[in-house]
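Please read the following briefing alongside the sequence and the model, beginning with a strand pair and moving on to the packing and the confidence.

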Amino acid sequence: MRDIRRRSILGGALAVPLTAGLPTGLASATASTTTPAPAPAPTPAHSTSAPDAEALRTAIAGLPDANATAALVRVGGTDGRWRGSSGVHDLESGRPADPDARFRAGSTTKVVTAATVLRLAHEGRIDLDTPVQHYLPGLLGGRFRPVAVRQLLDHTSGIPAGDGLGTTFEEVYAHRFDTLTPQRVAASAGAKEPEFRPGTRQHYLNINYTFLGLLVERVTGRPYACEAARLVLTPAGMRDTYFPGTDPRILGPHNRGYQAVRGADGRTEFLDVTEWNQADRFAAGDMISTTADLERLLTGLFRGRIVPRPQLRQVFSVPSGITGASYSAGGLQRFESGGKVYWVKSGGRYGYNSAIAATRDLSRTLVYSVNSTDAKSEDANPVIVRLVTAALK
């Protein structure tokens, strides 16, 4: 791409306010490497065409550009498979992106957290209809009505967002190596006024899953990361997935992440944001994974190998009687496209966007990671839009 510049420190007073919204999609890259595979026989009741390899190749062509520096894609399911990667490992060397790289999975972590809670419910250690105040006494102030564990899972709790380390990119970047504990985040939320009466609205917020992570630790007496690994990562075969905690690094092979910022001369520069302490994201968004592992999570979960019945039905249960509700108690969002229903979860941390999506019968699955240059923007990344359009048609 033309005139793409990188610098290692943030200089000057850059006005680049970012929101917490994250796009649903992927980004593309130049030297695209694809590995299409023969498609198994489709399920007769839900048969569609195999993935459109040409459209997918086109969707991830041209990186690095202003929107992304790398993209890793896996389309799968009984209708057929396609693999592709493009872009660069880093802007300095320009060498090709590693298709098996680890990346910050962001809010796709919530699917693992929900599965962990549902497994503990199956073991009889958590009751989904018991108030969280029973498990975590004193963490929610007296102004809160009882909040059922299920209402944390499906974002109908009414608990407001906790405090963070800033509201603009400049503020949070300055604190990127600081540790904000999930306990402090939860306590700050519990000291505020409720947003609404539990069960009357749905508002997607990280705080619900911060509480769930603390709940897991309270009922098991073990760190959240250990229980998530025991109950979800290991059964799913997610060998390259882990929770970094306060370690700002991405261990193992990974592609660098960048944030676009406007320099004093008005030109866009690309700041390396790969190293970042994500401890405050905790059970809501701390996970580091690969596209292969996230595909294993999808297939293992949907086939009932991770969450047993009857808890599995919670994964696909959206609360009734709430206008506009789309998030399930399994950490997923119901999404309709082309007459089919997909269950989706996207995630975004600075430098990285990711998502998982699948039909209930696993006729079509999609997993991607894109090194977006504005991963926390509310505006949809155009490369992501192209990719999702090509993958889900």
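In this predicted model, strand 6 (residues 258-262) and strand 7 (residues 268-272) pair in the antiparallel sense over five bridges, where pairing requires that DSSP finds at least two bridges between two strands, and strands (E, at least two residues) and helices (H or I, at least four) are DSSP runs numbered from the N terminus. Residues are numbered from 1 along each chain as its sequence is written. Local features need pLDDT of at least 70 and side-chain atom pairs count only at pLDDT 80 or more, while totals for chains, interfaces and linings use all residues, and side-chain values use heavy atoms, with hydrogens and water left out.

**Strand pair**
- Alanine 260 has phenylalanine 270 of strand 7 as its bridge partner.
- Five residues lie between the strands of this hairpin, and glycine 266 takes a positive phi near 90°.
- Because four of its five residues are buried, strand 6 is largely enclosed by the rest of the structure (buried: under 20% relative accessible area, 1.4 Å probe, protein chains only).

**Confidence**
- The mean pLDDT (the predictor's confidence in each residue, from 0 to 100) is 89, and 88% of residues reach 70 or more.
- Over residues 1-47 the pLDDT is below 50.
- Where pLDDT is low, the predicted coordinates should not be read in detail.

Conventions: Contact = heavy atoms within 4.5 Å. Buried < 20%, exposed > 50% of the residue type's maximum accessible area, 1.4 Å probe, protein only.
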